[in-house]
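Me: Could you walk me through a protein model, step by step? I am new to this and would like to ask about its parts.

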Amino acid sequence: MKLLFVRFSSLGDIVLTTGVIRKFKEAFPDAQADVLTYCRFREVFDGLDFIHKVYCCDKSDGLKAYFNLVQKELDEYDHIIDLHGKLRSWVLKYTSPADYHRYIKDSAARRRYVKTRKDDPRLNLHVVEKYFEPLAQTFNMPMPELEQLRPVLFSEKQPTKGQILIHPFASRYTKTYPYMKELAEMLVDKGYTPVFAGDGEAPQVNGAVDKTGKTGLRELFDTIASCEAVITTDSGPMHIAVGLKKPTIAIFGSTTKQFGFYPDFSGVKVMENNDIDCRPCDVHGLTACPKGHFDCMKSISPESIVSTLSDLTVH
């Protein structure tokens, strides 16, 4: 039996597929599990022995090149598991003889929650549980405990004592942490070595290491693996830290648990202010605080983060 799991982007969403695929392979060890993604993310699957083959394409190559890949390489599968639900993956339903199964992303329910705060039972599901649903339905598998669907990643790097990764950046401003300089200075005073990484500009802090903008994807994995713990926003590196089983502090500002990406896994502490009644303000975050105060992030002090870190790790 051959399965093709499809997820093109983005980084965190792709990382979250790994635990789902592993759980499937545990139940069906003789099945072949392959992946289709964008080429810039293929390294997510490096070193994962439950993945047989990774196919990739570049969005910039256009649909013609993509259809050539589909026709030449992706015509011998029994099942296609669409974990993206966009046009590029949806066309596989019609271009491949395989049985096609797509996950339900509940976009409308999330948007409705932002506007009305109207809850929906589907919003209580983590994204990895939604990823697993088509497998559960197709192969009559019970839904596992969430921890069993935890993402899993590979790195050979071992942690260096005292190194703490700080990733204060995010794709949208309202998901970024504004006190990264103060946080790093406090960590230095406590004897830690803060390591900044990710796509952003790190502040100048004596005793800190700046790797922002200097690492590719595999180097980012290794940088995170080389740290004892991770302090991060709701972002791709947060999911990487979880997949590498790092003690992790996840800082949530404008986004909330109802969006499905909340890291409810062991060794992870979420810091958020649930008394801010204007959060969530958007499903994906915004380029500016619509109220002008940004209290969802500004109310989370560096002192509280350092205190939480000491509870997660022994330095």
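This is a predicted model: local features need pLDDT of at least 70, side-chain atom pairs count only at pLDDT 80 or more; totals for chains, interfaces and linings use all residues.

Here are some questions and answers about the model.

Me: Before we start, what kind of model is this, and how are residues numbered?
Reply: Residues are numbered from 1 along each chain as its sequence is written.

Me: Is Thr18 buried or exposed?
Reply: Thr18 lies in helix H2, residues 17–27. Leaving aside neighbours within four places in sequence, Thr18 is in contact (heavy atoms within 4.5 Å) with Val44, Phe45, Leu48, Phe50, Pro151, Val152 and Leu153. Its relative accessible area is 0%, so Thr18 is buried.

Me: Which residues does Leu83 contact, leaving aside its neighbours within four places in sequence?
Reply: Leu83 lies in the loop between strand E4 (79–82) and helix H4 (87–90). With 0% relative accessibility, Leu83 counts as buried. Its contacts beyond those neighbours are Phe5, Val6, Arg7, Thr17, Tyr103 and Tyr131.

Me: How are H9 and H10 oriented to each other?
Reply: Axes are lines fitted to C-alpha atoms, for helices over the stretch in contact, and angles run from 0 to 180 degrees between N-to-C directions. The axes of H9 (residues 217–225) and H10 (residues 236–243) come within 10 Å and cross at roughly 60 degrees. Angles under 35 degrees count as roughly parallel, over 145 as roughly antiparallel, 65 to 115 as roughly perpendicular and the rest as oblique. H9 and H10 are therefore oblique.

Me: Which residues of H10 meet H9?
Reply: On the H9 side, the residues are Leu220, Phe221 and Ile224. By class, this contact has six nonpolar, no polar and no charged residues (Ala, Val, Leu, Ile, Met, Phe, Trp, Tyr, Cys and Pro count as nonpolar, Asp, Glu, Lys and Arg as charged, and the others, Gly among them, as polar). The H10 partners are Pro237, Ile240 and Ala241.

Me: What is omega for the peptide bond from Arg279 to Pro280?
Reply: Most residues other than glycine have a negative phi, and most peptide bonds are trans. Pro280 is found in the loop between strand E11 (268–271) and helix H11 (295–298). The bond from Arg279 to Pro280 is cis, with omega near 5 degrees.

Me: Is Lys245 buried or exposed?
Reply: Lys245 sits in the loop between H10 and strand E10 (248–251). Although Lys245 is not a glycine, its phi is positive, about 60 degrees. Its relative accessibility is 61%, so Lys245 counts as exposed.

Definitions and conventions:
Side-chain values use heavy atoms; hydrogens and water are left out. Helices (H or I, at least four residues) and strands (E, at least two) are DSSP runs, numbered from the N terminus. Buried means under 20% relative accessible area, exposed over 50%, partly exposed in between (1.4 Å probe, protein chains only).
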